[in-house]
Amino acid sequence: MNKVINVRITNELKNPNTIGMHYRILCMTGPNKGKVYYLIGKRVIIGRGDTADIQIVDVKISREHAELSFSDNGYTITDLGAQNGIIVNDAKVKQKKLEDNEKIVIGQTVFKYNIFDISNSLVEVQESTVDIKNNKVKSRPKFNTALNGGLDNDNHDNKKYDSKEEKGGSKIIIMGAIVCLVLYVVMGPTEAEKTKKPKQPKSPTDFENLDIVAKKSNQDDTDTKKKLDGYLHSGRREFSEGNYFRAIEDFRLALLINPNDGHASFYLSKSKQRLDEDIEKNFIKGKQEYESKKLQAAIVSYCSVVQLIQNYPNDDRYKNAMQKIGAIESELGQEKGEIKCFEEKSTESKN
């Protein structure tokens, strides 16, 4: 039994030109980067497995990760219970009706969703243009014989008359030119022409200014790209080391430079997700240790939360962790603020 084809795959990025509605997702990152998937089935599966309509070799993607289902003139994406979920425009979703130009993050792969409505009139104009080009037909003014009193029929009869008129006019023009040339030779150049200064070559200043502007623009583009690459490199390093708050700041700065950068958007979402997961884990661990009377271990867990969001003391999670630490201080008979989550640097080390 032949498998139903739900997706047409191509490497061509040009827009479709056939009449009708077209739904497309473009792979922007990962091993399938540059591939174009035209959705033609009622139900399309994205996943790592061999049975997936759109197969992506990504360890963060489940065998059947997401479903694209067609209804109401568009596709709706649904999370099929995957461990890493689905992100649409930086927000984690379970199900969403997709709109044109929306960004989809599945695992470590970023897609872009597009809708094309190709109308009949647009195709007719394009086809007529191609036909004209192929047949090498040049545009000429056409006269409607019904409106112009048979003007087209008189063209043949008037050819001889037009030819004679053209010849007579040419002779007059030639004779006039000869007379002017003789008068100029006999009389010589006028005083105004004698005193007229020779035409100076155009100053290259304007062209030099344009060249300077172009070079400056290229230099600005190069500097901007260096800054963007620097933030992306720093953010990825912080992300790999588990410093998710620093990574978030780097990727936010990268998006200020280029709001459409797919890598920065993807890693920003992942950094926020990992940070939330780490904070939640430390709260759960700290609670279990506190209830088991492992107070020193609980202090370490709650201090980990404080260290993760140390630059945001107004965050509710930061305040909650500090309250937990204060309760442990009271239970241990210590003064408030005696437990330090950060090592205090001495004056000598600062110098």
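This briefing describes the sheets, helices, disulfide and aromatic contacts of the structure above. The model is predicted, so local features need pLDDT of at least 70 and side-chain atom pairs count only at pLDDT 80 or more, whereas totals for chains, interfaces and linings use all residues. Residues are numbered from 1 along each chain as its sequence is written, and side-chain values use heavy atoms, with hydrogens and water left out. Helices (H or I, at least four residues) and strands (E, at least two) are DSSP runs, numbered from the N terminus.

**Seven-stranded sheet**

- An open sheet is formed by 7 strands in the order β1-β3-β2-β12-β11-β8-β9, with antiparallel pairing; two strands pair if DSSP finds at least two bridges between them.
- Its edge strands, β1 (7-10) and β9 (91-93), each pair on one side only.
- Direction ignored, neighbouring strands of this sheet are turned by 30 degrees against each other on average; axes are lines fitted to C-alpha atoms, for helices over the stretch in contact, and angles run from 0 to 180 degrees between N-to-C directions.
- Within the sheet, β2 (residues 20-27) and β3 (residues 36-39) pair in the antiparallel sense over 3 bridges, and Arg24 stands opposite Tyr38 in β3.
- Helix α7 (residues 262-291) packs on the sheet and touches β8 (86-88), β9, β11 (103-106) and β12 (109-118); the direction of α7 makes about 125 degrees with that of β12. Contact means heavy atoms within 4.5 Å.

**Strands β4, β6 and β7**

- Strand β4 (residues 43-47) pairs with β6 (residues 66-70) in the antiparallel sense over 4 bridges, and Ala66 in β6 is the bridge partner of Ile46.
- Strand β6 is also joined to β7 (residues 75-79) by 5 bridges, again antiparallel, with Leu68 opposite Ile77 in β7.
- The two strands β6 and β7 form a hairpin with 4 residues between them, and Asp72 in the turn has a positive phi of about 55 degrees.
- Thr76 is placed in β7 and counts as buried at 11% relative accessibility. Buried means under 20% relative accessible area, exposed over 50%, and partly exposed in between (1.4 Å probe, protein chains only).
- Leaving aside neighbours within four places in sequence, Thr76 is in contact with Glu67, Leu68, Ser69, Ser71, Gln95, Lys96, Lys97 and Leu98.

**Disulfide**

- The structure holds 1 disulfide, defined as a pair of cysteine sulfur atoms within 2.5 Å; this one joins Cys303 to Cys341, with S to S at 2.1 Å.
- The torsion about the S-S bond of Cys303 and Cys341 is about -70 degrees, so the disulfide is left-handed.
- Because Cys303 lies in helix α8 (residues 295-308) and Cys341 in the loop between α9 (316-331) and α10 (347-350), the pair ties together parts that are 38 residues apart in sequence.
- Cys303 and Cys341 are both buried.

- The 14 residues of helix α6 (residues 244-257) should span 20 Å at 1.5 Å a residue, which agrees with the 20 Å between its end C-alpha atoms; the expected span is 1.5 Å times one less than the number of residues.
- Buried residues in α6 include Tyr244, Phe245, Ile248 and Phe251.
- The structure holds 8 aromatic pairs; rings of Phe, Tyr and Trp (its six-membered ring) pair if their centres lie within 6.5 Å, and planes under 30 degrees apart count as stacked, over 60 as edge-to-face and the rest as tilted.
- One of these pairs, Phe239 with Tyr244, is edge-to-face, at 5.6 Å centre to centre and 65 degrees between the planes; both residues are buried.
- Phe239, Tyr244, Phe251, Phe266 and Tyr267 form one aromatic cluster.
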